[in-house]
Amino acid sequence: MNTLRQGKPGESSYDAADPVVGNSHEHRDAVGRKFLALGGGEVIGRLLGFAAIVYVSRTVGPEAWGVVAVAGAVTLYLSKVVDFGIETVGPNEVVAAPDEVGTLVSSLVGARLLIASLFIVVGAGLVWLFLRGPDRSAFLAYSLTLLPVAASTRWVHLGLHAAEP
């Protein structure tokens, strides 16, 4: 139980020996370390991504970089269709029926893989008809990234984590 105590100005109003509250300085330090670790990782990841984009764009040249950018943009739009909104709705379904997770995962991931495969086959046919050379290769390679998007079970992990007390 938290015990309120009278203290000097600037002191915590809770008892530091309380096992629920603990030492506020230790808690603050732990939160600060976690924040710095997450924030630092985010900054490093974004800087490395930016450096990779600069390097690749200078290496392949403007024409090839344009092909890569368009292929990436098209694939990004298609990945939203393949996702089928499950990343948004899926965690709520997992929380609502945690006993049904196995059935839910197999049916939804199967449907998503079917949709992704359909997009890949139709897209490959269209790319084969209308594009030549490295443009064709870039679009075909990027279309294969739809499979990991379809196979993602991130929504299940979010739902299971949200269901924890």
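**Close-up views of salt bridges and nonpolar cores**

**View 1. Asp83 forms a salt bridge with Arg112, with 3.4 Å between the closest N and O atoms.** A salt bridge here is a side-chain nitrogen of Lys or Arg within 4 Å of a carboxyl oxygen of Asp or Glu. Asp83 lies in helix H1 and Arg112 in helix H3, so the pair ties together parts 29 residues apart in sequence; helices (H or I, at least four residues) are DSSP runs numbered from the N terminus. Asp83 is buried at a relative accessible area of 13%, and Arg112 is buried at 2%. Buried denotes under 20% relative accessible area, exposed over 50%, and partly exposed in between (1.4 Å probe, protein chains only). The model is predicted: local features need pLDDT of at least 70 and side-chain atom pairs count only at pLDDT 80 or more, whereas totals for chains, interfaces and linings use all residues. Residues are numbered from 1 along each chain as its sequence is written, and side-chain values use heavy atoms, leaving out hydrogens and water.

**View 2. Arg154 forms a salt bridge with Glu87, the closest N and O atoms being 3.1 Å apart.** This pair links distant parts of the chain, with Arg154 in helix H6 and Glu87 in helix H2, 67 residues apart. Arg154 is partly exposed, with a relative accessible area of 48%.

**View 3. The largest nonpolar core has seven residues, including Ile86, Val101 and Trp155.** Such a core is a set of buried Ala, Val, Leu, Ile, Met, Phe, Trp, Tyr and Cys residues joined through side-chain atoms within 4.5 Å. Helices H2 (86–96), H3 (101–130) and H6 (154–163) each supply at least two residues of this core, and H3 gives the most, with three.
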